[in-house]
Amino acid sequence: MSADVELQNISVTFGSFFAAKNVSVKIEKGEFFSFLGPSGCGKTTLLRAISGFLDPSEGKVLIGGQDMAGIGPNKRPTSLIFQNLALFPLMSVSDNIVFSLEVRGVSKNKRKKRADELLELIALSGQGEKKVHELSGGQRQRVAIARALAIEPEVLLLDEPLSALDLKLRQKMRTELRAIQKRVGITFIYITHDQGEALTMSDRVAVMNEGELEQVGLCDDVYNLPNTPFVATFVGENNPFYAKVLSVEKDLVKVETQGYTFLATTGKINKQKNYSFSKGDEVLMFIRPESIFIKNENTTLDNMFTAKVNTVEFEGNLKNIYLKINSGMNVRFSVPNAVDTNELMNNKEVKLTFSSKKAIVLPKGALAVD
Amino acid sequence: MNSFFKKNGPLISTYFIIAIVFWLIFLIIIPQLYMLDLSFRPNLPPLLRGGSDDVHTLVHYKHFIFGSESSEDTYNFVDIGVFVNTIYTAILVTIINLCFCYPIAFYMAKIANPNAARLLIISLIIPFWINELLRSFALRILFASEGVINNILLGTGLIDSGINFIAQDIALYTGLTYAYILLMIFPLYNALESLDTNQLEAAKDLGSSTFRTHWRIVIPHAKAGIASGCTMVFMLTAGALATPIVLSSPNTYWFTQLIYQWFNMNDNWSRGAAYSILLLSVSVVFVLLMMRLFKVKIGEIIR
């Protein structure tokens with residue numbers, strides 16, 4: 001069974017500090033939903049409010065339509081996977097997995113049966129008698145998932161459980177987590193500061209900053225159509241240009257920045273509505289590094305500018321090229337590794353081009369710290 | 001050895017080795033070996049020591065078991081009784097101490113915020129600046145038949161006639177429990193503090209009751225600390241002298257009081273030595289047994 005989770009105007013205060021500020025969001029049944037944000041943005045606070053370890057100062061948590069006020073974590077239909085997993089080191093893997101059944105007085109035989117079932121689910125059959133420390137990092141991860149699933153919770157809460165793993169294992173576990181979620185079909189609420197994790201696994205993400213929800217939406221919407229400058233710079237890489245509006249025509253805005261005139265797309269306030277700008281507004285224009293190209297006969301888009309190469313950085317699959325416009329502002333673009341960049345020497349002037357469809361104009365606001 | 005010298009430098013290394021060797025050999029091994037040897041010697045006047053009568057003998061151990069030759073009893077019921085009672089009471093006091101200290105230590109380690117915990121630790125330590133004898137006398141005053149506790153109980157009408165706390169050994173148990181409370185709390189606190197708080201939350205999230213969380217998660221984790229605290233409290237309680245002298249009822253004798261008498265009043269050092277060796281060995285055996293029972297290794301206790 002799976003349940004939806006609804007947060008209604010949740011605020012959590014510690015003294016005068018708002019760990020969460022008026023957060024409202026509805027997470028659908030069976031959805032893989034992520035809260036994404038920098039550390040200290042309040043995402044863990046929300047998770048603790050959902051799991052019942054913390055009472056919100058204001059607002060309601062509804063699980064399956066039922067108000068959870070006054071219901072402790074041991075009575076909620078949720079299971080929490082901790083950042084450090086919090087497996088019980090003195091118990092065997094099987095005992096860990098069926099601990100929740102043990103405390104409910106389920107008989108030994110039934111427990112054994114359920115443990116074997118779950119061990120099979122996480123591909124650790126026959127390893128139930130081992131101690132937790134005898135398992136590898138990825139295996140421990142899977143045991144933590146099995147332990148959380150043993151009582152068949154309606155909602156599984158995950159608090160950055162992959163953050164301690166190395167990159168390869170993390171990538172593998174992403175796929176595995178997603179597969180497990182599909183198999184068991186329950187609601188997963190995932191907390192992370194890693195946008196890669198959030199985007200690869202989730203159906204929808206909520207981007208948080210300083211206790212507030214910045215944007216809730218499908219992964220590609222959040223990436224392609226950020227609602228705020230924070231989201232634009234926190235999710236993926238972006239080049240922010242401080243600009244002034246010259247004219248507005250439908251959802252295209254002509255802006256002036258760094259001595260150039262660019263054509264860009266009006267950003268959205270939310271899924272339905274665009275921002276409205278008028279001439280003279282101070283705005284931010286965002287263009288992602290992968291949307292800027294070197295101008296040549298084959299590639300010429302509707303915006304163009306010139307910049308001087310500063311450094312070329314090798315990142316494996318990509319090369320990042322850092323440039324300066326008018327010797328002041330830094331711009332970055334990236335090309336696939338296969339592209340020959342030998343000509344991009346220091347201080348060489350390059351003509352660059354990008355499409356107005358890929359440039360987004362948003363009102364001025366706080367950027368994610370870079 | 002070489003790496004020890006390299007790591008600490010010649011000066012500090014030499015100091016460490018000399019200090020430890022001195023400590024071990026001169027302050028522990030030699031006096032105890034002397035006592036062990038003495039316990040197997042007859043009690044002779046100084047002139048005859050080292051003479052032909054000064055041979056190894058079991059006479060003092062025999063005395064503990066069978067009593068003096070002039071006595072009519074088959075066994076030395078008095079001394080054995082005192083011994084058994086001492087060990088039994090020490091066990092009881094250790095258990096009371098554990099039950100009393102575990103919640104406090106858990107509160108300090110896992111629930112209280114750091115400031116409150118520090119305050120609590122200080123308020124536990126400060127009373128121990130007062131010496132043991134004085135503390136025992138203070139308790140005696142509290143528990144006396146005209147003492148504070150009786151007066152309060154009588155004044156509030158909870159009881160009709162005064163309770164003789166001293167005759168019932170309630171004062172003794174209280175005094176002994178309180179005397180070594182820190183030696184129980186600190187090992188427990190150390191052990192509990194190292195428990196990951198997430199484990200407690202995980203257990204709770206999985207539906208565990210508070211009792212079961214303690215039974216399955218906290219106590220197994222703190223086992224070594226519990227063993228360490230219990231060992232120390234048991235040893236020290238069984239070997240306590242000042243508190244029993246001040247607080248025990250006239251009918252209760254503590255085994256250390258017997259030892260004290262043999263050494264001081266009866267001037268029979270060898271018998272006193274034999275009795276203390278007995279107390280030491282039974283205490284050690286008891287502790288080893290407990291460790292075997294609870295599957296704790298000696299290394300874990302020291303940790």
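Two residues are in contact if their C-beta atoms, placed from the backbone, lie within 7 Å. This is a predicted model, in which local features need pLDDT of at least 70 and side-chain atom pairs count only at pLDDT 80 or more, while totals for chains, interfaces and linings use all residues. Residues are numbered from 1 along each chain as its sequence is written, and chains are lettered from A in the order in which they are written.

Q: How many residues of chain B are in contact with chain A?
A: By that definition, 15 residues of chain B are in contact with 16 residues of chain A. On the side of chain B, helix 9 (197–205) and helix 10 (210–238) are the elements that give two or more residues. Helix 9 of chain B gives the most, with six residues. Helices here are DSSP runs of H or I with at least four residues, and strands are runs of E with at least two, numbered from the N terminus.

Q: What makes A:L367 count as partly exposed?
A: A residue is buried if 20 or more other C-beta atoms lie within 10 Å of its own, exposed if 12 or fewer, and partly exposed in between. A:L367 has 16 C-beta neighbours inside 10 Å, so A:L367 counts as partly exposed. A:L367 is found in the segment after strand 20 (360–363) of chain A. Apart from neighbours within four places in sequence, A:L367 is in contact with A:P229, A:F230, A:T233 and A:P240.

Q: Why are helix 3 and helix 7 of chain B called oblique to each other?
A: Angles under 35 degrees count as roughly parallel, over 145 as roughly antiparallel, 65 to 115 as roughly perpendicular and the rest as oblique. The angles run from 0 to 180 degrees between N-to-C directions, and axes are lines fitted to C-alpha atoms, for helices over the stretch in contact. Helix 3 (residues 77–111) and helix 7 (residues 170–179) of chain B pack at about 60°, with their axes 9 Å apart. Helix 3 and helix 7 of chain B are therefore oblique to each other.

Q: Why are helix 3 and helix 8 of chain B called oblique to each other?
A: The axes of helix 3 and helix 8 (residues 181–193) of chain B cross at roughly 45° and come within 8 Å. Helix 3 and helix 8 of chain B are therefore oblique to each other.
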